[in-house]
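Hi,

Here is the structure I promised to pass on. Have a look at it first, and then read my notes below.

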Amino acid sequence: MKTVTIIGGGFSGTMAAVNLARLSDEALKIVLVNDRHPLGRGIAYSTTRSEHLLNVAARNMSAVPDHPGHFLEWLHSRSDFSDLPEPQLREMYVPRRVYGDYLRSLLQNYLAPIDSHHPAEIEIIEAEAVDIVPSSQDDSADVVLDNGDKIASDRILLATGNQPPAGPGREETEEFRHPQYCPDPWGNWRKRIPDSSENIVIAGTGLSMVDSFLTLEELGWRGQIIAISRNGMIPQSHFRGIDYPDFLPENPESVGLAGMYSLLKTHCEQLTRLGENPGLVVDRLRPFTQRIWQKFSIEEKQHFLKHYAARWNVIRHRIAQPIHQRLTEAITEGRVKVQRGSLKDVRGHGESLEVVVKTPDGDQQIIPGGLVINCTGPNAGFSHTKVKLFQNLLQRGLIIPDELDMGIQVGPDFTVIDANGVSSSKLYAMGALMKGTLWETIAVPELRGQAMRVAEMMIATSTDQDRDYRLSVEEEHVIEYYI
Ligand SMILES: Cc1cc2nc3c(=O)[nH]c(=O)nc-3n(C[C@H](O)[C@H](O)[C@H](O)COP(=O)(O)OP(=O)(O)OC[C@H]3O[C@@H](n4cnc5c(N)ncnc54)[C@H](O)[C@@H]3O)c2cc1C
């Protein structure tokens, strides 16, 4: 019996395991290795707080690409959602912990012992995978765990999600070990909330800042939050789509960055003139973004990252309308202050901290904070990874950073490319590790397709392997449903 080991048990690893189990016609052992975050839930869906909502409407959150209504049907089967009319349920932004329950229940279905209908078995191991050692005898490899155990594997999938959060780069120093500095927004900072007479400083103004703000509100904390980011932009709100004529050329991937920029500018301006949300332009592009990205030259990609990516992310990663309203009210009332600048340092000041911020005009500003929460997002430069598994794989030459150093090099069939430029016969990757390759590879609407395709690929016979497992644009249209 073949063994497939999946490293990472968040959405990506869990759904890859579920797809392997449901698609395999032959006996297969699937080993799901996961640590730190609860199995099935990963970072996003392990929150236990009901104010943390999905940022995608329920109708587009099926985990199974060939069953678009799957999540809605599952919600209907739960007593707390069963009475809601279908149109209301479709548009709901459900608590993320409920989505974690959904993923766990999907996995649970395939944990049953092998029978003739389900010839695959899933084994769960709670441990950190720290290395992969190729066999000198055959084409298999051992996945090495932090407790020293080894899992002999025929195929291995890296589904490890984002790199851990990054900070301003001085995290090794004493000051950053201050109890009131929280390096990870998902860490337990709730027990350290200061008196409302002090500020809470949040580095970052993206989705994890919004989560921290919501939790502080729910806990009744009434002090001031100062949220700092280079661009000072907060996530935008979801909105209702309108009828707007198709404006993309037949092959949008062929127009290049300059052509795409002028097309988007024209239509954003037109939508603004019509009093409509220009975010619609980004939604229309969504089924094509991966292809457009892959066609860009390296210079175009670098230019995009430097000049447009921050704005793109703000428009693309939107939040539910009621949450946006709560945040903008708090800003209007002065409870949240958004400040442009970058966090350079923190200094201990008794039981509190002082945050050193470089403002856009180059000045230095000192902001006192009773608590500092780092919400700046995952570490960006892959080659400087602090993750032991990736340090070892880089050293062995089993993986190589992509040309933008955002993740690793992966082929269109999900196989990992090694330091000699050769596609691996056993090592696969999906999700955030493919960010440099695909750009959009973060949310469920992209990951569910990947989890199914990579599963198909890993159980494919050698004659199938010539196939390119990228989704066609038509399939992407179906899988994206309608955002
Ligand atoms: C706060 C937040 C909210 C979000 N909300 C939404 C949303 O509403 N809708 C949406 O579509 N997307 C949302 N996303 C995007 C989200 O990233 C994806 O939906 C998805 O959860 C990513 O799953 P993943 O498995 O790729 O990564 P992760 O969730 O990060 O899971 C990776 C898992 O692998 C484990 N792991 C990593 N390395 C190892 C190792 N060496 N050994 C063992 N285990 C390892 C990690 O501990 C973790 O448990 C959100 C993201 C965040 C952070």
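The second largest pocket is lined by 20 residues, and nearest its centre lie L264, V282, F304, Y308 and W312. A word on terms: on a 1 Å grid over the protein atoms alone, a pocket is an open set of points with protein on both sides within 12 Å along at least five of seven lines, a cavity is a set where a 1.4 Å probe fits but cannot get out, and lining residues have an atom within 4 Å of a point. The volume of this pocket is about 450 Å³, where a volume means the space filled by probe spheres set on grid points that are joined across faces, edges and corners.

Before I go on: this is a predicted model, so local features need pLDDT of at least 70 and side-chain atom pairs count only at pLDDT 80 or more, while totals for chains, interfaces and linings use all residues. Residues are numbered from 1 along each chain as its sequence is written, and side-chain values use heavy atoms, with hydrogens and water left out.

Back to that pocket. Helix α7 (256-273), α8 (279-285), α9 (289-295) and α11 (309-316) each supply at least two residues of its lining, and α7 has the largest share, with 6. Helices here are DSSP runs of H or I with at least four residues, strands are runs of E with at least two, and both are numbered from the N terminus. By class, the lining has 17 nonpolar, 1 polar and 2 charged residues. For those classes, Ala, Val, Leu, Ile, Met, Phe, Trp, Tyr, Cys and Pro count as nonpolar, Asp, Glu, Lys and Arg as charged, and the others, Gly among them, as polar.

There is also 1 cavity of 30 Å³ or more. About 60 Å³ of space lies in the largest cavity. Its lining includes F213, L216, E217 and W221, and helix α6 (residues 207-218) gives the largest share of that lining, 3 residues. The classes there come out as 6 nonpolar, 1 polar and 3 charged.

Now the ligand. Which residues are closest to the ligand? Of the 34 residues that surround it, the closest are S12, D35, Y45, N55 and V444; a residue is near a molecule if one of its heavy atoms lies within 4 Å of it. A polar side-chain atom of S12 lies 2.6 Å from an oxygen atom of the ligand. For D35, a backbone N or O atom is 2.6 Å from a ligand oxygen, and for V444 a backbone N or O atom is 2.8 Å from one. The protein covers 92% of the 990 Å² of accessible area that the ligand has on its own; the areas come from the Shrake-Rupley method with a 1.4 Å probe, and for residues only the protein chains shown count as cover.

Around the ligand, α1 (11-23), β2 (28-34) and α15 (444-459) each supply at least two residues of the shell. Of these, α15 gives the most to the shell, with 3 residues. The shell divides into 19 nonpolar, 10 polar and 5 charged residues.

F414 is not a glycine, yet its phi is positive, near 75 degrees. F414 sits in the loop between α13 (388-396) and β16 (415-417), and it counts as buried because its relative accessibility is 6%. Buried means under 20% relative accessible area, exposed means over 50%, and partly exposed is in between (1.4 Å probe, protein chains only). W439, also not a glycine, has a positive phi of about 65 degrees. W439 lies in the loop between α14 (435-438) and α15, and with a relative accessible area of 5% it is buried.

Is P85 buried or partly exposed? P85 has a relative accessible area of 44%, so it is partly exposed. You will find P85 in the loop between α3 (79-82) and α4 (86-90). The C-alpha atoms of P85 and P412 are separated by 41 Å, and the two are 327 residues apart along the chain.

C182, in strand β8 (residues 181-182), is buried at a relative accessible area of 2%.

Last, S153 belongs to strand β6 (residues 150-153) and is buried, with a relative accessible area of 1%. The side chains of S153 and T5 are joined by a polar contact of 2.7 Å, meaning a pair of N or O atoms within 3.5 Å; within protein, one must be able to donate a hydrogen and the other to accept it, and residues adjacent in sequence count only if both atoms are side-chain atoms.

Cheers
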